[in-house]
Structures are given as structure tokens and as C-alpha cells.
Amino acid sequence: MAFIVKKKIREKEYFYLNENKRVSGKVKTKTLAYLGKTRGGAEKRAEEILNSKKLDKKINEEMEQQKISIEELTAFCKRKGFVYQSGEIYGGLAGFWDFGHLGVELKNNLKKEWWKYHVYQREDMVGIDGSIITHPQVWKASGHVDSFSDIFVVCKKCKKPSKIDKNEIGTAKCDFCGGSFDEKTAKEFKLMFKIQIGESAESYLRPETAQLIFTNFKFVYENARMKLPFGIAQIGKAFRNEIAPRDFLFRSREFEQMEIEYFIKPDSKCPYEVLDDEILIYSAEAQEKNIVPSIMKIKDALVKGIIKKDWHAYWLATEFNFFKNLGANPKNFRIRQHKKTELAHYSSDCWDLEYNFPFGWKEIEGIADREDYDLSQHEKFSKKDLKVFDSDSKEKILPHVICEPSLGVERAFLVFMFDSFFFDNKRKNTILKLHPKLSPVKAAIFPIVKKTEFENMAKKIFEDLRKDLHVVYGKHWKEIRKK
Ligand code: GAP
């Protein structure tokens, strides 16, 4: 049975949806979702969650999930108007994709849901929209000019170019044919696109949205009257001159990111509850010792010290729930900690949310601890004081970014597509069953009787609905079926 509970944390009220279940004769309570800070909002959200669970249960009894390959998905997306290769009539351009009439709707819905979950439904988050091209010093300060590169190598056997990490020189094998790489071809390859501004100035297309959050951090803190801990969210384009774009949308040269920088007073505790989720957990230690990942509750991994910081556990569970709430299959997810040799130049610890793609387990979202690396660097390079006044402790603080949940829109798009292919046992065909909130078309109106009065009624319904939703109108159901 599910019920709403209120918790008081630091004099503030938070509402959660809990469920009691009998396990081996004992009643166990599980937290299903965070519902917000008001009783009214919590009741509405709880009803939504429970209704969608009921519907899912009914549908899942009749349907079986289907596995398809990335090539099949690419072909499906083209055939149905989700995604086309950019400039395809000229032969296409590797790493660039266009979204068709259904793809753009799914992508917009995905971004809208992300914004609602992370910004509107939280009181500790506001958003910004930074520019794609900014002052080149931003990229010098962030470390991208000097350190944002991959190693370019060519396979000895199939001669295809690939990207590898610095620590993989000599050990990595070619993804296409399993061959070894020619070490003589190994060279550092810078990943930022350089661009010209006006007559003679130069800058870069941003390789991540994050830096615009750091450069605007103090303005936002003061103008939006935020208090630590708080976050700034942003959705926008990012560009990387990838050596070997591949796997459809998975690795492209132009993509979108949905990022959060979450700022805290150094060493402060996380006041939020870690949601009660089980997931496959793969720590750096397990990878180094060749131990298989194990299924565990994220909160238990925190207690056992596998996840070191409460904030990290909290954000990992929060991000996993974003996918679960929108109908993704939890069994296809795991969290994996970066090994020391993998960590980006700015991060002291990082866990990825990974998805079991047909081409293996791959990162869909990185959740890094960036500490005060970026704000310190921008203080140093801009010579501006980026410390803020904390009214609780009455001191000036340079906050730490304890977590940076950074999710690629296109990778999330792939996850929801893959998890939506089902075999309908009743009708004996394959269907695409996206969550209603993501679905490109919200309703289709088909007047089934060929009479003016019915058609007028159907048109009225269509006109009313289209004011707020993307709906389609089919003239006659039978005629449509004939086509
Ligand atoms: N600000 C941190 C950052 O950019 P990242 O791990 O390099 O971290 C974050 O990127 C996310 O952006 C990835 O988890 C992935 O979803 C997406 N992403 C990165 N490179 C991509 C690419 N070439 N194509 C598509 N998505 C990409």
C-alpha cells in the first residue's frame, strides 16, 4: 500500500511517497518518490505516479520488451520521421543529425520533463541559458584549451581511426575488428571546434554547457536570492570534434546537454533522503579487482562506504528516478565509478549512470564531484571575487560543486526509444510504447462515422485539444486504415 509521509528537515517540510510491502513475513517500507514541499502538490503528484503504475502493470502483462540493434533503430527513426542524417541528400556529414517531425516532439518533451523534474519541482534550483560562443578565456580557465583532447589512433588491421584515452595506449583494441592500434599513429587530438569571430578574433564552440553556469554563478546567486545548497540548471547545444563519431546519436559532433551544477558549502551534509532504489553498482575498486558488479540499494552503498559522499548517493538516485519515472526499464541501468586514470581534469570523483545498449554498457550521464576547481580557476583568470556571502554562517564562501549531473539529450533519447519497443502478444506485432509524457503525439481524433455532425464534433475536440497539445486529426478511421 502506498501513502504520503511528511518529513521535517531543518525546519522545512518535505513530502515523500512511501510503500509498505510484506517481505518474508515482515512489513518493509520503501520510499517510491519525492513529492515536493506542499501537501496539495504532493497529493497531485502521488495520484499521477500511482495511476501511471497501474497502467504500466496492465500494459506490461500484455506486452514483452523487444531488443533491437542500433542499426535497426537508426533505420526505424529515419522511416518514421524521428531522425535523419544531416545533409543526407549530399551524402551526409558524420556526427551530425537532424530531427524529423516526430523526433523534434519527443526531444522537446524530454527536455520539458527534465526541466520540470529538476527546476520547477525543486526550490533549490533555477535555470539559465548561456551563449554557445563565449570569451575564449573561459576555455583557458576551465582547462579545456590545454587538456580537452583524446588520443587519435589508426587500427593496424582495418585501418579505421578511433579515439582512445591516454591510459589506453598500447592496450586498447579496435571496436570494429578487434585489431591492435598502430602506436606510431597515436597523436593528441584537440576536441574543441575553433571558430572565427568578426575580422580577427577567435574562440570555440562550447564543448559543454557547464562553464556558462560557473561564469554566471555569482549573478544568479544574488539576483535569484539563492541560499546554499542550491543548483543551476541549463539545457543547450554542445560541440565536440569527435575523432570517430559512431553508434547513431550516441557519439556525435553536435549534441545537447542537460546539466546541473550543484553548489554547497564545503563539507556540508545532504539534507535530502536518498531514494530507495536498487541498481547494479560497479565501484572503481570492483573494476580494478575484476569483481562483478552487484545489485544493491544506493543508500546501502553509501552506508558501506562504496559511495563516499551522501550528496553523490542522493544525486545518483535522483537521476536514476528521472529515467524510471518516464518508463525506462530499471534493469537496463547501472552506476559505475570512474577509475583514477579515467577522471577528467576537473573532477575528484565521478560516477556514471550507464545503460546496457546493444553495443554494451555505456555512459549516458556523468555525475562528477568538481569541488571548487571551476570557480577557483575563474577567480584566478578573471581576477574577480566569486565568493558569496552565506547568511547562515555569516561568512564569505567559495562554494564547492559537489555534483554535476550532466546528461546528453540524444543519449536519453536513445534510452527511451530502446526501452519502448514491445511485442504485443494480443495483436502479434511490434509496437513503440513511449511514456505518455514523452510521446510525440498526445491524441489522435478519428471520426468513425461519416456524417457531418460527427465530423464537426470531432473537429471541435481537435481544435480544443490542439491549443495545448500536439494532436492529429484523421478524416475517417476506415480511410486511414485502407492507406
Ligand atoms: N560538463 C561535464 C561533461 O560535459 P561529459 O561526461 O563529457 O561531461 C556529459 O559529458 C554527457 O554529455 C555524457 O554523459 C553524454 O550523455 C553527453 N555527451 C558527451 N559527449 C557526447 C557526444 N560526443 N555525443 C553525444 N552525447 C555526448
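Select Arg411 and the ligand: a polar side-chain atom of Arg411 lies 3.5 Å from a nitrogen atom of the ligand, a polar contact being a pair of N or O atoms within 3.5 Å (within protein, one must be able to donate a hydrogen and the other to accept it, and residues adjacent in sequence count only if both atoms are side-chain atoms). Taken alone, the ligand exposes 550 Å², of which the protein buries 92%; accessible areas come from the Shrake-Rupley method with a 1.4 Å probe, and for residues only the protein chains shown count as cover.

The model is predicted, so local features need pLDDT of at least 70 and side-chain atom pairs count only at pLDDT 80 or more, whereas totals for chains, interfaces and linings use all residues. Residues are numbered from 1 along each chain as its sequence is written, and side-chain values use heavy atoms, with hydrogens and water left out.

**The ligand shell**

Now extend the selection to the 21 residues around the ligand, among which Glu208, Glu242, Glu259, Glu363 and Ile364 come nearest; a residue is near a molecule or strand if one of its heavy atoms lies within 4 Å of it. Colouring the shell by class gives six nonpolar, five polar and ten charged residues. Here Ala, Val, Leu, Ile, Met, Phe, Trp, Tyr, Cys and Pro count as nonpolar, Asp, Glu, Lys and Arg as charged, and the others, Gly among them, as polar.

Which elements give two or more residues to the shell? They are strand 14 (254–264), strand 19 (360–369) and strand 22 (400–408), and strand 19 gives the most, with four residues. Helices (H or I, at least four residues) and strands (E, at least two) are DSSP runs, numbered from the N terminus.

**Glu242**

Centre on Glu242, in the loop between strand 13 (230–239) and strand 14. Glu242 counts as buried because its relative accessibility is 8%; buried means under 20% relative accessible area, exposed over 50%, and partly exposed in between (1.4 Å probe, protein chains only). Apart from neighbours within four places in sequence, Glu242 is in contact with Asp150, Lys163, Leu191, Arg251, Ser252 and Arg253, contact meaning heavy atoms within 4.5 Å.

The model holds 38 salt bridges, each a side-chain nitrogen of Lys or Arg within 4 Å of a carboxyl oxygen of Asp or Glu.

Select Lys265 and Glu395, whose side chains meet in a salt bridge at 3.7 Å, N to O. This pair links distant parts of the chain, 130 residues apart: Lys265 is in the loop between strand 14 and strand 15 (278–282), and Glu395 is in strand 21 (residues 395–397). Lys265 is partly exposed at 29%, as is Glu395 at 37%.

Move to Lys269 and Asp310, a salt bridge with its closest N and O atoms 3.6 Å apart. Lys269 lies in the loop between strand 14 and strand 15, and Asp310 lies in helix 9 (residues 310–325), 41 residues away in the chain. Lys269 is exposed at 61% relative accessibility, whereas Asp310 is buried at 15%.

Finally, select Asp277 and Lys324, whose closest N and O atoms are 2.4 Å apart in a salt bridge. Asp277 is in the loop between strand 14 and strand 15 and Lys324 is in helix 9, so the pair ties together parts that are 47 residues apart in sequence. Asp277 is buried at 3% relative accessibility, and Lys324 is partly exposed at 27%.
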